[in-house]
Every structure is written in structure tokens, then in C-alpha cells.
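Hi,

Here's the structure I said I'd pass along. Have a look first, and my notes follow below.

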Amino acid sequence: MDIDAYAAAHRDQWDRLDRLTSRRRLTGAEADELVTLYRATAGHFSRIRTGAPDPALLAELSTLVAAARGRITGTREARISDVRRFWLASVPAALYRLRWWTVAVTAAEVVIAVVVGVWTLRSPEAMAALGSQSELDTYAQESFEAYYSNFAAGEFAGYVWTNNARIAALCVAGGITGVLPAYMLFANAMSIGQAGAIMADHHLLGQFFALITPHGLLELTCVFVAGAAGLKLFWTLLAPGGRSRGAALAAEGRALITVAAGLTAALAVSGFIEAFVTPAPLPWPLKGLIGALALAVFWAYTLLPGRRAVLAGHTGDLEADEAGAVQAEVG
């Protein structure tokens with residue numbers, strides 16, 4: 001196919017379709033013409049995509065066809081079925097596909113935190129680098145526990161939720177760099193290990209685990225999932241598989257944004273636990289049980305409906321009509 005000649009032959013139709021799509025009001029005849037031109041242009045787009053794919057022309061026609069389709073069909077409204085599909089298929093499928101990445105990140109984080117904690121505890125120089133003796137005493141005996149009760153519970157829950165959701169979103173969005181999620185995960189493990197070392201040095205390691213377990217089991221898991229999502233996106237950049245690098249990154253990126261949305265909901269739960277359960281005058285075993293149940297629900301949601309959704313063909317990506325046309329690939 002001579003792509004230049006083909007485009008020149010149909011350019012008037014495409015320009016006319018663009019003008020009709022942009023008009024605020026259409027007469028009956030113009031509306032009929034819009035539908036006719038939309039069908040013709042969609043056919044042109046399909047023929048160019050399969051016969052002589054030209055990236056610039058395909059991008060132009062994809063935008064034109066999508067805009068015309070939107071003008072003809074109107075703005076799509078969210079339906080109950082869309083909401084159900086998102087939470088019962090898309091989110092669990094996206095989390096399920098990350099399960100082994102999450103396990104690997106979790107194992108690495110635990111190892112780093114333990115190594116940092118033991119090294120800090122056994123090294124006077126490392127401990128001294130964290131603050132003066134009086135500052136460390138205040139942190140272990142007052143500040144660590146007071147952190148969970150210094151603010152009103154509702155305000156604290158909102159702060160914790162938004163802060164953790166921001167960190168999770170940064171891990172996912174910055175995954176393309178590879179460096180940002182790795183750095184944030186390493187910094188997170190370092191801070192946990194150092195905090196544990198300070199508490200252990202003051203013979204308060206039991207209090208350390210008692211305070212972080214109720215909310216930390218779910219909260220830290222969400223951070224690990226976000227880090228795993230970012231690293232998986234970076235891996236997709238390096239090894240896109242059978243797809244082009246652009247197509248692979250687009251598909252995985254959309255799926256991982258679904259992960260970020262799911263983590264936002266899970267972090268709201270952990271924020272509620274951190275604000276209302278952790279500082280509450282409840283027995284520590286009961287608080288730990290609440291945290292363990294929250295984590296169990298998260299993993300059950302990931303593994304059970306997630307596996308079913310993946311077997312049904314869901315990936316967490318948008319549906320084909322939502323994602324738009326995919327550029328043809330030579331292969």
C-alpha cells in the first residue's frame with residue numbers, strides 16, 4: 001500500500017469528520033454524516049493498521065476515531081457492573097500476578113531489616129550515629145509509643161492513610177526508573193531495623209513488636225506490594241517479552257495503576273487500625289490478632305478471587321474498548 005497516496009485520497013473525509021466531531025451542535029443530516037464518516041474512517045484505520053502501519057498516521061486516526069465514537073455514543077457512565085468487575089476481578093487479578101514479586105520483596109525487606117538491626121545494636125558507632133544517648137532514651141521510652149496517640153484518632157488515620165498511599169503511588173509510578181522503588185524499599189527496611197535496634201537496646205523489643213504488629217502487618221505488606229509493582233514495571237522495560245517495549249509498558253503500567261488503587265483501599269484499613277486499635281487500651285494479643293486477620297483477608301482477596309480472575313483472562317489492565325486501539329506490530 002502506498003500510504004501517502006491512501007492518506008491523500010481520504011484526507012478530506014478525515015478532516016470533515018474532525019470538524020463534525022468538534023461542533024457543539026449538529027443537525028440531523030450532520031449527525032447522519034458523522035456516523036457515516038466514523039464508519040468509513042474506522043475502516044481506513046483498520047486497513048492502515050494491518051496493511052502499512054505508520055505510527056504517526058495511526059496515532060492521528062486512533063485519536064480521531066476515538067473522539068468520533070465518544071461523540072456518537074456519548075460519555076460513558078460508570079455502571080454497577082463496572083465497579084464490581086474492578087473490585088472483584090481487575091484489582092485481585094493485578095495483585096495475584098504480583099504475588100511472587102511481593103514474596104521476594106518481603107523476604108528481602110525482612111533480611112535487610114534484621115541485618116541492619118543486629119548491626120546497629122552491636123555497633124556503638126552505628127547507634128551513636130542515630131542520636132545522642134538522651135535523644136535515644138526519649139525516643140525509646142516516650143516518643144515511639146506517643147507517636148500513636150499524639151493526635152486525634154480521626155485526624156491521625158487520615159494523615160497515615162494519605163502519607164502511605166502517597167508512598168505506594170510513588171513506588172508504582174517511579175517504577176520505570178528502577179531506582180526509586182529500590183531506594184524507598186531499602187530506606188524503609190533501614191528505618192525499621194534501626195528503630196528495632198533502639199528499642200532492643202532499651203530492653204523494649206517486645207513493646208516495639210506490640211506497637212507495630214496491629215497495623216504494620218497490613219501496612220508494610222502494602223508497601224512491599226507497591227515496591228514489587230514498581231520493580232516489575234522496570235523489569236518489563238528491560239524484558240518486554242513478545243510485545244514491543246512500548247506496548248508492554250503501557251499494558252503493565254495500566255495494570256499497576258489498578259494495583260495502586262487497590263492498595264489505597266487496603267491502606268485506609270491499616271490507617272484505621274493504626275489510629276484506633278494500636279493506641280487503644282486493649283490486650284496486646286487481641287491487637288495482634290486484629291492485625292493478623294487484616295493481613296489474612298488481604299492475602300485471601302489476592303489469592304482466591306485473584307486466581308479465578310486470572311484464569312478468566314483478567315490482568316488488571318483496562319478492557320479493550322477502554323484501552324483504545326493498539327498499534328500494529330511487526331513480528
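The protein splits into domain 1 (3-73) and domain 2 (80-312), with bounds from an automatic or database domain assignment. Their C-alpha centres sit 47 Å apart.

Bear in mind that this is a predicted model, where local features need pLDDT of at least 70, side-chain atom pairs count only at pLDDT 80 or more, and totals for chains, interfaces and linings use all residues. Residues are numbered from 1 along each chain as its sequence is written, and side-chain values use heavy atoms, without hydrogens or water.

Now for α10 (residues 205-238); helices here are DSSP runs of H or I, at least four residues, numbered from the N terminus. α10 bends by about 60° at G216 (the angle between axes fitted to the seven residues ending there and the seven starting there).

Cheers

How values were computed. Axes are lines fitted to C-alpha atoms, for helices over the stretch in contact, and angles run from 0 to 180 degrees between N-to-C directions. Helices (H or I, at least four residues) and strands (E, at least two) are DSSP runs, numbered from the N terminus.
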